[in-house]
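This briefing is intended to be read alongside the sequence and the three-dimensional view.

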Amino acid sequence: MKACVLHGPKDLRLEDIPLPEPTAGHVRLRMGGVGICGSDLHYYHHGRVGNAVVCEPMILGHELSGVVDKVGPGVTGLDPGQKVIVNPTDECGTCAYCRAGRQNLCPSLRYFGSAARTPHVQGIMVEYPLVQARQIVPVSDDMPLDQAACVEPLAIALHAVSRAGNLLGKRVFISGAGPVGCLIAAVARLNGASEVVISDMESFPLGVAAKLGADRTVKADKPEDMADLENACQVSFEASGAIGGMQTCLRNVAPGGTVVHVGFLSSEEVAYPINTMVIRKEATVCGSLRAYQEFPLAARLVETGRLDLTPLITATYPLDKAEEAILVASDKTRSMKVVLTGK
Ligand SMILES: [Zn+2]
Ligand SMILES: [Zn+2]
C-alpha cells in the first residue's frame, strides 16, 4: 500500500509498504480522510515540532476517518464497511491520569505521526491504516469522510473550551484563526457566549471564522480596532502560537477572567507579564493539551448537524498528491483545513 513517509525537512516520499494484517485488538481501515495539521506542516518544513525532531523515516498524519476493512481477533462491535473516526491518542489505561479520565496527560501516551519518542510513532497517511479497536469511534453512514477527518481538531477545540468552564453570557476572545481557533469560535457560540471575537494577521482565515460562528473578526495588525476589547473579555483563548497573540490575550482578558493556552509558542523563553496581567487582574491561566473524552461528542456534533464543518475544508487531494496538499495547506492566505482523501 502507499504511504507518505517523511525522511527529513521537505523530503516527503510516497512509498510502497506492506499491507498490515490486523492482530488481536486491532482493526485495519481503508483511509477515508486525513486532515493535514499544523504539526504535519512543521514536520514537513522544519523536520521537527518543538523538541520532537524527525531522526528516522516517519509516516505523517493523525487526523483520520475511514471505513473498517478487516478486524483482528477479539474485536467485537465493528464490521467491515462501517464508517469510523479515530482518536490518535494511545494511552496506557492504567496510570493515575488514565484512571481519572485525563488520558491526554498519560505519561506513556503515544500519538500517531509523532517524533516525540524514538522510535517514532508512525502516522496514518497511508491507504490502509492499522489502529487499535479502542481508538475507534463509529459514525453514521451519511457523514462525509472529509468532515469526519476534522473531528480530531474539533475535539481539541471542545477540550480547550472545557478548560475555560462555563461560557454562558461571556465575551470570548480568540487569538489565531487557524482550524483550532475557528473551531473554538464555533464551540464558544454553541456554548452560549454572548460575543465571540477572533483575531488573525490574515483576512482569509477570519472569513472562515465568521462562517463558523465568530461574531466579530479583527486584524491582529490593527490594534486600534481592538481598543474596546482591552480588559473586556471574560475568556481569552491563545490559539495563534505567536507571542503577539499571547500578549493580546493577556491584554484583553477581563479582571477575574480566564486565559486558555492552546497554541504551542515558538519559544519556551517568553516574557509573561505576571504582575500586571495575572496578579492584578486575578486571572486564571490554564493550558489545554490535545483531547480525549471529547471525541464521541465531537463526532455527534458533526453527525447531527449541530456544527457544520463545511467552511473549514478549503481543499481535498488524493493521497498521492500529499506533498502538493501540504504546500497548499501551508499558505494561510488561501487555506484552512486541507484533507487527503482515500479511494
Ligand atoms: Zn491535528
Ligand atoms: Zn496512562
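Lys 10 is located in the loop that links β1 (2–8) to β2 (11–16). The structure is a predicted model, and the points below should be read on that basis. The backbone at Lys 10 has a phi near 55 degrees, which is a positive value in a residue other than glycine.

**Backbone features in loops**

- Lys 10 counts as partly exposed because 13 other C-beta atoms lie within 10 Å, and a residue is classed as exposed at 12 or fewer.
- Arg 290 is likewise a residue other than glycine with a positive phi, here near 50 degrees.
- The loop that holds Arg 290 runs between β18 (284–287) and α9 (294–303).
- Arg 290 has 19 C-beta neighbours inside 10 Å and is therefore partly exposed, since burial requires 20 or more.
- The peptide bond between Thr 118 and Pro 119 is cis, with omega about -5 degrees.
- Pro 119 belongs to the loop between β10 (110–111) and β11 (130–132).

**Helix α5 and its surroundings**

- Helix α5 covers residues 179–190, twelve residues in total.
- From the first C-alpha of α5 to the last, the helix reaches 17 Å, close to the expected 16 Å.
- Ten of the twelve residues of α5 are buried, so the helix is largely enclosed by the rest of the structure.
- The buried residues are Pro 179, Val 180, Gly 181, Cys 182, Leu 183, Ile 184, Ala 185, Ala 186, Val 187 and Ala 188.
- Helical partners of these buried residues are α4 (151–164) and α6 (203–212).
- The strands against which the buried residues of α5 pack are β13 (171–175), β14 (195–200), β16 (233–238) and β20 (337–341).

**Domain arrangement**

- The chain is divided into two domains: domain 1 comprises 2–150 + 309–341, and domain 2 comprises 154–287.
- A distance of 27 Å separates the C-alpha centres of domain 1 and domain 2.
- Contact between the domains involves ten residues of domain 1 and eleven residues of domain 2.
- On the side of domain 1 that touches domain 2, four residues are nonpolar, three are polar and three are charged.

Conventions
Residues numbered from 1 in each chain as written. Chains lettered and ligands numbered in written order. Predicted model: local features only at pLDDT ≥ 70, side-chain atom pairs only at ≥ 80, totals over all residues. Helix = DSSP H or I, 4+ residues; strand = E, 2+ residues; numbered from the N terminus. Expected span 1.5 Å × (residues − 1). Contact = placed C-beta atoms within 7 Å. Domains from an automatic or database assignment. Nonpolar A, V, L, I, M, F, W, Y, C, P; charged D, E, K, R; others polar.
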